[in-house]
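Hi everyone, thanks for making time. I'd like to walk you through one structure today, so let's get it up on the screen.

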Amino acid sequence: MITSALTVAMTADPQYEGFIGWVLSLMQSLGEIGVGVAVLIETFVPPIPSEALLPGAGFLAYEGRMSFWGAWLAATLGVVLGALAWYGIGAALGRDRTRRLVGRIPLMDTDDFDKAEAFFLRWGGLAVLFGRCVPLVRSFISIPAGIERMPLLKFTGYTFLGSGVWNGIWIGLGFAFGPAIAPVLEQWSGVLSKAVIAVIAALLLWFVVARLLRIRRRVREAAEAVDAIADGTPTSGIPTSR
C-alpha cells in the first residue's frame, strides 16, 4: 500500500514550464550526482554561481524527487574535488606560472589570483574555510594554499567544512521555502522562467562588459606607461632614474 502511494505521488509530480521546468527536470534526471558535477564545473567557471543551482536541489528534495542529504553530499564533494584540482595546480606550477595561467583564462585576469593570494596570506587556513562564501575567491583560494603547501589533510578538512555549511544553507533554503515556492511555480513557472533568463543574461552581460572594460583600461594604462617611459616623462607608480 505504501509502495502504491509513493508511485502515485511520483506520477503526480507537477510539470513546470519554461527554463525553470527544464532546469528542475534536468537536475531530477541527473540526480544527486548531477548536482555534484554542476558544482564541480562552477569551481572552474566562476561566472556560473552555485547559489542559482543549489536551492533548486533543495526544492526537488522538498518534493521528494531528490535526497536532501544526497544532494548536499554530492555538492560538497564536488567542491572538494575542484578545490583539490586547483590546489594541485598551485603546488605543481608554483606562483608565477600559476598566476600566468589564471591570467589566460577567458574573462579572468591576474588580479583575481592576486586577491585570492592576499586573502590567503592574511588569513591562512581561515581563508580556505570562509573563502567558500566569497564569489571568485572561492574558486582561486585553493591555488595559494597549494603554492604554500598547506597540509593537505587540513586543507581538505577546511574545504569540506566551509563548503558543507555553505551548500547546506542554500539547499536548505530551497527545501524550507518549498511549501511557498511550489504553488507559485505551478501557476507562474512560465513567467518566472522568462524573468530568470532575463536576470541571468543581464548578470552575464554585466560581468563580460565589466571584464572587457577592465582589460581595455589595463591595456591603455600599459600603453601610456610605455609612451611615458619613451618620452622620459615620470608616471605614477613607475620609478624614475635619479
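Let's start on the outside: Leu 161, Val 165, Ile 169, Leu 173, Phe 177 and Ile 181 make up a nonpolar surface patch, with about 510 Å² of accessible area together. Before I go on, this is a predicted model, where local features need pLDDT of at least 70 and side-chain atom pairs count only at pLDDT 80 or more, while totals for chains, interfaces and linings use all residues. Residues are numbered from 1 along each chain as its sequence is written, and side-chain values use heavy atoms, with hydrogens and water left out.

The areas are Shrake-Rupley values with a 1.4 Å probe, and for residues only the protein chains shown count as cover.

Which helix gives the most to the nonpolar patch? That's α9, with 4 residues. Helices are DSSP runs of H or I, at least four residues, numbered from the N terminus. Ile 181 sits in helix α10, residues 178–231, and counts as partly exposed at 30% relative accessibility; buried means under 20%, exposed over 50%, and partly exposed is in between.

Now the inside. The largest nonpolar core has 18 residues, and among those touching the most other members are Met 27, Val 35 and Ile 171. A core is a set of buried Ala, Val, Leu, Ile, Met, Phe, Trp, Tyr and Cys residues joined through side-chain atoms within 4.5 Å. Helices α2 (18–44), α3 (54–62) and α4 (68–104) each supply at least two residues of this core. There's also a second, separate core of 10 residues, including Tyr 87 and Met 150.

On to the rings. The whole structure has 8 aromatic pairs; rings of Phe, Tyr and Trp (its six-membered ring) pair if their centres lie within 6.5 Å, with planes under 30 degrees apart called stacked, over 60 edge-to-face, and the rest tilted. Phe 68 and Trp 69 are edge-to-face, because their planes are at 80 degrees, with centres 5.2 Å apart. Trp 69 is exposed, at 59%.

Back in α9, Trp 166 and Trp 170 are 4 residues apart, about one turn of the helix. Is Trp 166 buried or exposed? It's buried, at 17%, whereas Trp 170 is partly exposed at 23%.

How values were computed:
Buried means under 20% relative accessible area, exposed over 50%, partly exposed in between (1.4 Å probe, protein chains only). Patches are made of residues with over 30% relative accessible area and no salt bridge: like charges are joined within 9 Å, nonpolar side chains (Val, Leu, Ile, Met, Phe, Trp, Tyr) within 5 Å. A salt bridge is a side-chain nitrogen of Lys or Arg within 4 Å of a carboxyl oxygen of Asp or Glu.
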